[in-house]
Amino acid sequence: VVRERRATSTEHAKADFIQSFLHAKHKETGAQLSDEQIAQTCNILLLAGYETTASTLACLVYEVAQNQHVESTLVKEIHDSFGGGDGHALPSPPRTMAEVNALPYTLGVLNETLRLHSPAAFISRVAKDDTELAGYHIPAGTEVCAPIWALSRLPSIWSDDAERFRPERFVPSQ
């Protein structure tokens, strides 16, 4: 598929992951990704994206089901934005990112779900240069890991109710 797309790729080809990878260039060397690298990356995105999306949605449904106020606020925002306001008819789904971004409470529910139920246990980075972090010397080349689960529950960051599911923390007007 990648070879075929590379052979037929034009400036006006549809914008998707493969097309983005075909046009990607290393910022320092200008090198492009090989067909094998693109295929492997697409496989990783497909496989990793499936599991993380499924587990995130499962956690979101659980949290909404456990919080009646969250459920009613979420349903009201969606119905007010996309119809079905009588409580019986299903609203039409958003069709653009602008429509999704116009749902601040819905995005807050998603972000709060990701905060409390991150699909990744930690993130890691390799220090490019010698640096100091919180009083610790970190030599260049050292891998530094941040535990997402612990960071997302720190009262010093999230207040005393850090364990509570509260989407309002991510809604700009609240």
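Seven nonpolar, two polar and one charged residue make up the lining of the largest pocket. Here Ala, Val, Leu, Ile, Met, Phe, Trp, Tyr, Cys and Pro count as nonpolar, Asp, Glu, Lys and Arg as charged, and the others, Gly among them, as polar. This is a predicted model, where local features need pLDDT of at least 70, side-chain atom pairs count only at pLDDT 80 or more, and totals for chains, interfaces and linings use all residues. Residues are numbered from 1 along each chain as its sequence is written, and side-chain values use heavy atoms, leaving out hydrogens and water.

**The largest pocket**
- Among the lining residues are Leu 60, Val 64, Glu 71, His 79 and Thr 106; a pocket is an open set of points on a 1 Å grid over the protein atoms alone, where a 1.4 Å probe fits, with protein on both sides within 12 Å along at least five of seven lines, and lining residues have an atom within 4 Å of a point.
- Helices H3 (35-66), H4 (68-82) and H6 (104-116) each supply at least two lining residues, helices being DSSP runs (H or I, at least four residues) numbered from the N terminus.
- H4 gives the largest share of this lining, five residues.

**Arg 153**
- You will find Arg 153 in the loop between helix H7 (148-151) and helix H8 (155-158).
- Arg 153 counts as buried because its relative accessibility is 13%, where buried means under 20% relative accessible area (1.4 Å probe, protein chains only).
- Arg 153 touches Arg 115, Leu 116, Trp 158, Ala 162 and Glu 163, not counting residues up to four places away in sequence; contact means heavy atoms within 4.5 Å.

Technical notes
Buried < 20%, exposed > 50% of the residue type's maximum accessible area, 1.4 Å probe, protein only.
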